[in-house]
Amino acid sequence: MNAFVDPVGASLPRLEAREKVVGAARYIDDHARPGMLYAAIAQSPFAHARIRGYDVSRAKALAGVRAIVTGTDIPIRRVGGVLKDETMLAVGKVRYVGEPVAAVAARDLATARLAAQLIEVDYEPLPAVLSIDDALKPDAPVLHEDLDSYVRAMDGHSHGNVIWDSTLVEGDVDAAWARCDVIVEGTYRTPAQYHAYMEPNGVLAEVDGNGRITVLATCQSVHHVQTRVADELGIPMSQVRAQVSRVGGGFGGKHASNIHSIAAWLARASGKPVKLALSRTQDMEIQRSRHPAVIRLKTGACRDGTVIAREAEITLDGGAYADESPNVLAFAMLMVRGPYNVPNVRIRGRAVYTNKLRAGSFRGFGNPQAAFAGESQMDELAGKLGMDPVELRLRNAMRAGDRWIGGHTATTCQLVSCLEKVREAREAAPALPPPRPGRKRGTAVVAVAHISGLMGTSASVQMRGDGTFALNTGCVDIGQGSDTVMTQLCASVLQVPVDRIVYGTQDSDLSPYNWKTAGSRSTYMTGRAVVAATNIVRERILEHAAAMFECATADLELRPGGRVGIVGVPGKEVGFKDVALRSLFRSGGPIAGYHGFVFDGERFDPKRALIERLAFDNLGIYTFGAQCVEVEVDTVTGRVEVLRVWSAHDVGKAINPTSVEGQIQGGVVQGMGYALHEQLVWDDDGRLSNPSFADYKIPGILDAPAVIVPIVFEDPDPTGPFGAKGVGEISLVGIAPAIANAVCAATGARLRQIPMTPERVIDALEQS
Amino acid sequence: MSDIHVHELNVNGEAHEVRFAATATLLDILRQQLGMTGAKRGCNQGVCGACTVLLDGAPVRSCLTLAANVGERQVMTVEGVQKDGMLSRVQQALLDSGAVQCGFCTPGIVIALEALLRERPMPDADEIRHALSGNLCRCSGYVKIVEAAVKAAGVAP
Amino acid sequence: MRFSAPETIAEAAALLREDGARCLSGGQSLVAMMNADLVTPSTLVSLRRIRGLDRIETGADGRLTIGAMATHARVARHASASAGAELVIAAAGTIGHPAIRNQGTIGGSIAHADPAADYPTAITCADASVVIAGAAGERRVAAADFFKGFYETALEPGEIVIAVEVPPGAPGARAHYEKFALIDGDFAVVSAAAIIGMENGRCTFARLAIGACAAVPVRSAAAEERIVGTDLDDEAVREAADLLVQCCDPLDDFRGSASYRLKLVPRLLRRAIGSARQKAERARV
């Protein structure tokens, strides 16, 4: 078939790579409009305070100020995910330092910022709760006095400062402990990690002559932004158009909208376009973090290494607003058993309010916290059993057909191959020069899993008059490469090169619905919709060609490059352009296909598991993996350096192998930052101590391992597009426990708290 | 409010007359007055490297460079890297190697690598890593960026 | 805010007498602070147009003179001709990242006087002098007297750092700058600087300094005396470290607790002394 290369499975360059390397890609702050105003936000200086009143007179008097909004101007319309507890600006109370209390639009940024500083808010400071322990004290100050009255999608047993309280039970743990030869117990603590996408959040809102609002956003879903702005402004979704700029990274941090309505409000009030671009510091103060967690975990096994019981108590620090806390909690609970066949499991999970930045969605979504506890404890268990940690994992590893906790079947599962492969790759790797004096090396392997399927999505494909195609979905490319993957899927079904397809940018007026770019779901979910919609188009093309040739569609085949031919007759064929022209001008009408669905996997099995108040009930399609890290510990300073990483994942089918590798390598380094140094730190007044890149440090190139070897297994999922499953998050998940286990292997010191700062490593070395 | 200065700024080989306050940084002027939004504001503290431009051939932070202090020096931004509409070898290699993900750090990476290859046409991986040590990337884990740089330099990986 | 770029030191000094005026050299700290709204100078006085402020030269006596406007990158590339120079050059190479080193200057760094910065510790250890110009002419201040506290120096209003003079140290001595940061390019958690001379297995010359452990770089004459004449045995080095630790008064912050910093002092000092010693002994062979 001469030069045609099937786009699926090809490492094609990103479709938008050219505009990115020449500096022409337009992120949110690269956009401007004639007459545009600049917005600035006034933020709370207190972690917890009652708002007695506002004085905006000085701000209003400033030349160039066009609009001001405070909490008194907005009707109370609480928004959020499962639990709706948040308003566009603080109303009545502030609940964390940095919370937006008022906003200004002015002719330039300097004026807007000055005006924001001139807004006087009369606060009555209240005692603040800054830790999980404080939040749960019986006499703790309560953040949300009206919690009972908030709208919620389901009961989460919310009370006091408890956002959500769930349980998940399989088997009989209490009976199982007696049969265990070895039991290990420990408490594991994880920090608030900041997403640190390179592009700070921002929005440009404008109102047209009919009063309709358009919101251009850097976001993970235009449909979410549209919903949120409509809800907060109290107008129908039809009166809000949400569009997306290029997105400079998301990682979950742009998953839920919390600043877009402010700009929309100011645009409406001023009648002018308004841009609100957060500074890095504001982004760190206002957006969200990964949930700090405390996980008490207990695991029991028989002498031969068969794990028969695990019990977990997970407590997440949700910050001042629920955001995705109920869902992150649910997912952490679903993940903490791990990819092992453990028959007796009891998990209790709670998320609590504290007077800090909200915690929410972040690559891994509760799984990194659960895995840090679970996979650290697997090595501790192996130590106590006197067993090789990889052998212990192999003994208990899930295989295809085994069930996840709750009852979902792992239709495909290459966990055993992944474990064996990383071990092999590590053993075959060239030896490094010996460590310098004072440094010790260690290696460890962990097992991980994640999901690919949840929520709803859709795609539409339309044939154009020259035989090219327009593909539209609501799936926003936040940097991971979904534009290219969707185009590859569509092109492969139609057997055309990718340049025959245009992938439309997301616009709530035009794009078919998609929930969000989140949960490692884009390739699996939206990819499925793309393939199904494209198959409809393919069928219509064949029908037209059959009419043109006066034959049955069964006698026809697509030929690479955009032609339909009669099977077995090489010369007999018609080009897509002729098919398209026929459809547009002669017969049948424009050729188009649409497919939409909501995740349709197995549900939890109520006979198998007792599930109470879990905020997710429809998700699945598991990706498995194993990760091996080699570290060097400087026993003089405590600094841990990650030298090499091998990360193996059963992705089903790599639609774009280079992109899959990029996801794996990027996740590994973000996981390394989480493991070793990243943490938002709050002082005793609830103020962030390190809200800038000068003080919150993400790994640079010299901190990152020079060798990160991605290993990809292709075991097609029967429901996935060309068999593909998700790979967006899993590579981050196991890195922290792998490093902790490798540090232990190198030095004997067991760290049960991340980040494993040099100081904590030195303390652990002194205790071991 | 600050004094307004009128200066001639030489950017990508072209002289531009610009008016700005004394507090304005080179990044402000490039982005807001010259419409050159290739250099990005990632942190405004000189840490992330997304705003890197060349000043008389040396990579500097445009967010930490006051426009008033640039003087007669030559500024080169990512917009000036292409020659006659052709991608430079650095740009082409980044594109081909899958080294571009969200792309927000990419202009700074392009500039840092252009500067490196001008100074050292055949750098090894270690020199590449040091040259990029001030350019943060949150997406890639850096591996493919180094691969691209090695490819651009024409040396075998 | 006003901006001026005078062509003479006298003009610059006159402008800097104004209340709220700040001197702008490389701007890598000052502009970052302006961007964060931490300072709002009334006038910025750029030194960029003053000729000769960026020279780096070694005198006949081995003294290295580094002009205030010399960038970290140029200092780091300079060939060292003495132990003092070696230390300052090594420190320059550890500051920030390439783009920061291309703009940042030694004058700006020491005038900023961040106790966690690298130059202050290195020039204090090297017994360098800071050359200061003002209306009354030039004066020289020993580095140890130049740093007065957190972000505080001996500079009076209307004075400018114009150069740093680094004496060579003892003949045959060598230097090492041991910086420990949590992550590449960050400020030091603790740094240790050492210049060591060796003869027949005995230490003949020692200069030691600790950075990021007090408001100013920490020196201790007693610590240096404790190791001179010894073969740098563990006990001597430990006691010298103890003497230095007694002079330290570190802060608790998110980079490390005070107690961790104190713990690091002897550990890093041992590495700095060990490396300097090794170089000195290798140079003798």
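Biologist: How many residues does the contact take from chain A and from chain C?

Modeller: The model is a predicted one. In it, the contact takes 15 residues from chain A and 14 residues from chain C. Sorted by class, the side of chain A that touches chain C has 6 nonpolar, 5 polar and 4 charged residues.

Biologist: How many residues does the contact take from chain A and from chain B?

Modeller: The size of an interface is often given as the accessible area lost when the parts come together. Here the description is by residue count: 45 residues come from chain A and 40 residues from chain B. Two helices of chain A, α1 (17-21) and α16 (657-676), each supply at least two residues of the side that touches chain B. The largest share of that side, 8 residues, comes from α16(A).

Biologist: What ipTM and pTM does the predictor give the complex?

Modeller: Both the ipTM and the pTM are 0.97. For chain C, the pLDDT averages 96, and 99% of the residues score at least 70.

Biologist: Let us turn to single chains. How many helices and strands does chain A have, and why is chain A described as compact?

Modeller: The secondary structure of chain A consists of 19 helices and 29 strands. Its radius of gyration is 27 Å, close to the 27 Å that the globule rule gives for 768 residues, so chain A is as compact as a globular protein of that length. Along the principal axes, the C-alpha atoms of chain A fill a box of roughly 80 × 75 × 55 Å.

Biologist: What percentage of the residues of chain A count as buried?

Modeller: Of its 768 residues, 62% count as buried. In chain A, among contacts between residues at least 6 apart in sequence, 80% join residues at least 24 apart.

Biologist: How many helices and strands make up the secondary structure of chain C?

Modeller: Chain C comes to 11 helices and 13 strands. The radius of gyration is 19 Å, close to the 19 Å given by the globule rule for 285 residues, so chain C is as compact as a globular protein of that length. The box filled by its C-alpha atoms, taken along the principal axes, is roughly 55 × 45 × 35 Å. In chain C, 59% of the 285 residues count as buried. Among its contacts between residues at least 6 apart in sequence, 64% join residues at least 24 apart.

Biologist: In what order do the strands of the open sheet of 3 strands in chain C lie?

Modeller: The order is β1-β3-β2 in chain C, with parallel pairing. The edge strands are β1 (2-4) and β2 (21-24) of chain C, each of which pairs on one side only. From one strand to the next, the twist averages 20 degrees.

Biologist: How many bridges join β2(C) to β3 of chain C?

Modeller: There are 4 bridges between β2(C) and β3 (residues 43-46) of chain C, and these strands run parallel. Across this pair, C:C23 stands opposite C:V45 in β3(C).

Biologist: Which strands does helix α1 of chain C touch?

Modeller: Helix α1 (residues 9-16) of chain C packs on the sheet and touches β1, β2 and β3 of chain C. The direction of this helix makes about 165 degrees with that of β3(C).

Technical notes: Residues numbered from 1 in each chain as written. Chains lettered and ligands numbered in written order. Predicted model: local features only at pLDDT ≥ 70, side-chain atom pairs only at ≥ 80, totals over all residues. Rg over C-alpha atoms; globule rule 2.2 N^0.38 Å. Buried ≥ 20, exposed ≤ 12 C-beta atoms within 10 Å, placed from the backbone. Contact = placed C-beta atoms within 7 Å. pLDDT = per-residue confidence, 0-100. Nonpolar A, V, L, I, M, F, W, Y, C, P; charged D, E, K, R; others polar. Pairing = 2+ DSSP bridges. Axes fitted to C-alpha atoms, helices over the stretch in contact; angles between N-to-C directions.
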